[in-house]
Amino acid sequence: MEFRYASLPHRVIFGAGSSRTSLAAEVEALGAERLMVIASDRDTALVDELLAPWRDRVAVRFTGVRPHVPDSVAAEARRMAVDHRVDGLVSIGGGSTTGTAKIVALTTELPIIAVPTTYAGSEMTPMWGMTTAARKETGVDRRVLPATVVYDSDLVATLPVDLAVASGLNAMAHCVEAYWTEASNPIVRLIATDGVQALAEGLRGLAGTERASGASAADAGTDTAAARERLLYGSFLAGMAFATAGSGLHHKICHALGGAFDLPHAQTHAVVLPHVLAFNAVAAPESAAMMARALGADDAVAGLRDLASAIGAPRGLAELGLTREQLTEAIDLVAGRLPIANPRPVDRADVEAILTGAFSG
C-alpha cells in the first residue's frame, strides 16, 4: 500500500451552544481589532446576538451575500475590507457566506473564523469559488482555509427541513466523491465512510421526527436535536474528506449548472449525486461496498436512492427550474470540460446520459 496524506491546520470547536460560549474567546485569540462580519440579511438577529460580546471589534458588516459568489459581490466585499482597514473576517451563515469570506481572504490573506449555519462543509476546505459571466471558477489556496470553525448545532435548529435535507445531501456528495478522486487515499476513505454514516443517520432522524411530530424542525424535541448534531458532525467529516480528496465529475457538473443557470447549490448536488454514483459505482466496487455499509444497505446506489426517497429529497433538475433548452446547453458545457479524471472513463454520451437522468429524476 502506498499513499500520501497531508493534514490541514484546522482548529474546530464543536458542541451545542458553542457559538455563544466559545466564539468570543476565539475572536479574542485571533487578535483582530477591526473585523468584517459577513452574513446574510436574513441572519441579522442571530448575528446581533453573537457579536454582542465583541461588538467593539467590528469595523464593518457585509450583508450582500449571494449564491455562487458573483464577481460583483466579491469586488464589493473586497473593497469594503480594504476601505475599512479590516484585519480579520467572521462569517456566520451557509456555504455562500463562507464562500464570500474566502474570496475576500484570497486577495487580502485575512484570517477567517467561520460559524456555519447549514451542512455545507466548505468551511473545512481550502477550496474557493466565484462566478463570472455565468461561469463558475474554482481553485484551491491555503489562504482561504478558515483559521477556526465553530460548529453549533443550535444554529441549524431553524433550518427548514427541506433545506436541511438538501444541505445534508450536499455534504454527502463531498463524502461520496472523496472515495475516488485522484487525491483520495485510505485515510480519506475512512473519514468519508464515517461521514456517510453520520449524515444518513442524521437525515433519517430529522425526517422521521418531522413526520412524527408534524412540527417545525425547531420544535421537534430531543430526537431532532440529536439528528441535527449527527448531521453537523457528518458535514464536518465531509468537509475534511473533500479538503484532501478534492473535486471530480460530480462537483464539476454541479458547479457548471450552478454558475450557468443559478440553480440552488445544495439542491443541485442532491439531485445529481445518485446519477453520478450509479455511473461510477461499477468501476469502484470496494468503495461502493464501504459506502453501502455506511448507508446500512446491500448496494450503495440503491441505498442512496432509498435514503433520498425516505427523506423527501428533490428528484430532478426540472424541479429546480432547469428547462429542456438549458439541459442541452448544460450537456455542452460539461462535455466541454472533458477530459475529467474519474474512476470510469467519461465521454460526451456519458455526460448526456447522467444529465438527462438527473433532469427528469
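Is Leu 273 buried or exposed? Buried, with a relative accessible area of 3%. I'll come back to that residue at the end.

First, the ground rules. What you see above is a predicted model. Mean pLDDT for the protein is 93. Of its residues, 96% reach 70 or more. There is one stretch to flag. Over residues 212–220, pLDDT stays under 50. The model gives that stretch 13 contacts beyond four places in sequence. Where pLDDT is low, the predicted coordinates should not be read in detail. Please keep that in mind for residues 212–220.

Strand 2, residues 35–38, runs parallel to strand 3, and four bridges join the two. For a landmark, take Leu 35, which stands opposite Val 58 in strand 3.

Now over to strand 8, residues 148–151. Strand 8 pairs with strand 5 in the parallel sense, over two bridges. It also pairs with strand 1, again in the parallel sense, over three bridges. Look at Val 149. In strand 8, Val 149 is the bridge partner of Ala 114. Val 149 also stands opposite Val 12.

How do the side chains of strand 8 point? In a regular strand the side chains alternate between the two faces of the sheet. Here Thr 148 and Val 150 point one way, and Val 149 and Tyr 151 the other way. All of these are buried.

How many aromatic pairs does the structure hold? Four. Phe 14 and Tyr 233 make one of them, and the geometry is edge-to-face. Centre to centre, that is 6.2 Å, with 90° between the planes. Phe 14 lies in strand 1, and Tyr 233 lies in helix 8, residues 222–245. So this pair ties together parts that are 219 residues apart in sequence. Both partners are partly exposed: Phe 14 at 35% relative accessibility, Tyr 233 at 32%.

Tyr 233 has another ring partner, Phe 236. Their centres are 6.2 Å apart and their planes stand at 50°, so the pair is tilted. These two sit in helix 8, three residues apart, about one turn of the helix. Phe 236 is buried, at 14% relative accessible area.

On to the cysteines. How many disulfides are there? The count comes to zero. The cut-off is 2.5 Å between sulfur atoms. Seen from the other end, Cys 254 is in no disulfide either, with the sulfur of Cys 175 as its nearest at 15 Å. Burial next. Cys 175 counts as buried, at 0% relative accessibility. Cys 254 is buried too, at 4%.

Back to Leu 273, as promised. It is found in helix 10, residues 265–280. What does Leu 273 touch, not counting residues up to four places away in sequence? The list is Leu 169, Met 172, Ala 173, Val 176, His 250 and Leu 304. Take Leu 169. Leu 273 and Leu 169 are 104 residues apart in sequence. In space, C-alpha to C-alpha, they are 8.2 Å apart.

That's the tour. Questions, please.

How values were computed: Residues are numbered from 1 along each chain as its sequence is written. This is a predicted model: local features need pLDDT of at least 70, side-chain atom pairs count only at pLDDT 80 or more; totals for chains, interfaces and linings use all residues. Side-chain values use heavy atoms; hydrogens and water are left out. pLDDT is the predictor's confidence in each residue, from 0 to 100. Contact means heavy atoms within 4.5 Å. Buried means under 20% relative accessible area, exposed over 50%, partly exposed in between (1.4 Å probe, protein chains only). Two strands pair if DSSP finds at least two bridges between them. Rings of Phe, Tyr and Trp (its six-membered ring) pair if their centres lie within 6.5 Å; planes under 30 degrees apart count as stacked, over 60 as edge-to-face and the rest as tilted.
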